[in-house]
Amino acid sequence: MTELRDRIIIFDTTLRDGEQSPGASLNVDEKLTIARQLARLNVDVIEAGFPYASPGDFEAVQKIAQTVGEESGPIICGLARANRKDIEAAAKALKPAAKGRIHTFIATSDIHLKHKLKKTRQEVLAIAEEMVAYAKSFVEDVEFSPEDAGRSDPEFLYQVLERAIAAGASTINIPDTVGYTTPSEFGALIRGIKENVPNIDKAIISVHGHNDLGLAVANFLEAVKNGARQLECTINGIGERAGNAALEELVMALHVRRQYFNSFFGRPAESEEPLTQIDTRQIYKTSRLVSNLTGMFVQPNKAIVGTNAFAHESGIHQDGVLKHKQTYEIMDAQSIGLTDNQIILGKLSGRHAFANRLKELGFELSETELNNAFLTFKAVADKKKEVTDWDLESIVNAEIQQPPEIFRLELVQVSCGDRARPTATVTLRTPTGEELTDAAIGTGPVDAVYKAINRVVNVPNQLIEFSVQSVTAGIDAIGEVTIRLRYGDRIFSGHAANTDIIVASAHAYINALNRLYGALHKQKSQSETPATPVAQS
Ligand code: KIV
Ligand code: ZN
């Protein structure tokens with residue numbers, strides 16, 4: 001326990017709270033891919049989902065527990081409301097994990113008690129105590145959260161926390177559920193808990209916070225100064241409403257400013273020992289993976305991982321950086337895994353060189369993935385003389401993020417121009433192996449392609465987001481297309497990369513349609529034993 005208080009525990013909730021972002025829903029395989037990358041990032045805890053919420057969530061937590069939750073891996077955590085059914089589902093899903101944690105919660109603010117739970121403070125106290133003890137009967141590691149702690153009466157909070165710790169909670173997590181507090185208030189709340197909960201030394205203090213006022217990271221750093229030692233955060237700050245505190249911002253703040261924070265950990269100011277165990281060189285890759293799979297675009301000026309975060313536009317800045325990097329740079333781009341974008345491969349490079357470079361970049365591909373990625377690389381290298389590390393990353397990400405193939409794009413052909421009506425012809429291979437061709441006219445080439453695909457696939461949906469990003473500079477750059485489409489009340493994302501953005505757009509659309517089809521198929525096969533999805537908080 002003492003050793004854990006000497007550093008920060010990073011609890012990643014991208015797969016639970018992050019997945020609650022509107023439209024960010026991920027399938028089981030995608031969650032597994034992210035969980036593996038979170039393990040490479042070396043997070044301490046992965047909150048893998050809310051097992052009682054849906055069969056998909058249960059399966060994802062169970063698979064992550066089986067495959068990523070080995071002894072040397074991270075703790076795998078499942079969320080559960082403070083009731084027996086939720087706790088039993090979490091315990092069952094977490095069973096395969098070497099280190100499983102149940103995270104149970106109940107609201108403590110008067111506004112939640114009165115309007116949501118319709119319970120008295122005494123009732124909430126009793127439930128918290130009983131359910132922590134119940135969770136403890138399944139696993140050794142239990143975390144308890146008083147939801148909406150930021151707006152709860154501190155005196156009541158102290159009582160609930162004391163009872164939860166006495167019942168066996170080894171982590172108590174303080175959520176600013178609605179992102180309402182300011183940094184000094186949040187710091188004072190943590191200090192108050194340290195000073196007024198008699199058995200607080202038996203638990204780690206954790207914080208969880210939302211970004212409604214853009215203060216989540218600042219709040220957490222103030223909490224750290226006042227004794228919080230676990231931070232609950234998400235990649236790219238995704239999450240409910242305005243999102244959660246961003247992992248990359250917290251980790252890099254604690255890394256770049258460690259001399260400032262060292263004294264709060266009883267370390268000499270000049271100590272170089274990291275305050276977290278995160279492998280910061282995995283940050284950029286993890287950010288891109290989460291953005292591509294969730295379809296949640298990262299704004300260019302986003303701290304740490306935005307495309308402009310290390311770009312210097314003004315002449316004065318460029319001149320300064322050329323003379324001495326640190327004039328305008330407080331951290332090195334390589335520290336978050338942004339390579340120097342070296343030109344390593346070209347069209348004469350063989351499979352061996354390709355595989356080697358991918359290994360150096362930290363990608364682990366199956367034989368089939370490697371073969372497919374190599375074919376794409378060859379096609380790109382034919383069109384583009386120089387293939388950079390960023391191009392390689394884009395090719396590989398597009399390959400490993402493919403949902404199971406249902407429809408396959410065999411051909412796309414477009415004619416457009418200022419004197420032509422944009423017309424597209426597509427050929428798709430259908431799930432039965434048939435090849436179907438159709439054509440359509442649209443307002444532009446992408447619209448024409450999507451209309452032609454719709455004529456073949458015939459699943460009514462609404463395209464709600466379409467974005468194109470170039471991977472590197474230059475006219476021959478690879479373009480990445482990310483789209484999101486709505487089907488009923490569900491949102492599906494698609495992502496693809498190609499030197500031709502019309503081809504990338506077609507593949508991204510097929511990618512999203514395959515996800516949609518996969519989900520419909522799964523829903524159909526589960527319809528005999530449906531689980532009632534529950535609202536998450
Ligand atoms: O925001 C919140 O309060 C939560 C809890 C379940 C920890 O997500
Ligand atoms: Zn939350």
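**View 1. Meet the neighbours of ligand 1.** Ligand 1 has 12 residues around it, and the closest are Arg-16, Asp-17, Thr-177, His-208 and His-210. Keep in mind that this is a predicted model. If you sort the shell around ligand 1 by residue type, you get 7 polar, 3 charged and 2 nonpolar residues.

**View 2. Zooming in on the oxygen atoms of ligand 1.** Arg-16 puts a polar side-chain atom 3.0 Å from an oxygen atom of ligand 1. For Asp-17, an N or O atom of the side chain sits 3.1 Å from an oxygen atom of the ligand.

**View 3. The strands around ligand 1.** Which elements give two or more residues to the shell around ligand 1? They are β4 (100–107), β5 (141–147) and β6 (171–176).

**View 4. Two helices crossing: α14 and α15.** Now hop over to helix α14, residues 351–360, and helix α15, residues 367–383. Their axes come within 11 Å and cross at roughly 110°. Angles of 65 to 115 degrees count as roughly perpendicular, so α14 is roughly perpendicular to α15. Is the crossing left-handed or right-handed? Helix α14 passes α15 in a right-handed crossing.

Definitions and conventions: Residues numbered from 1 in each chain as written. Chains lettered and ligands numbered in written order. Predicted model: local features only at pLDDT ≥ 70, side-chain atom pairs only at ≥ 80, totals over all residues. Heavy atoms only, no water. Near = heavy atom within 4 Å. Polar contact = N/O pair within 3.5 Å; in protein donor to acceptor, adjacent residues only side chain to side chain. Helix = DSSP H or I, 4+ residues; strand = E, 2+ residues; numbered from the N terminus. Nonpolar A, V, L, I, M, F, W, Y, C, P; charged D, E, K, R; others polar. Axes fitted to C-alpha atoms, helices over the stretch in contact; angles between N-to-C directions. Parallel < 35°, antiparallel > 145°, perpendicular 65-115°, else oblique. Left-handed = near helix turned anticlockwise from the far one by under 90°.
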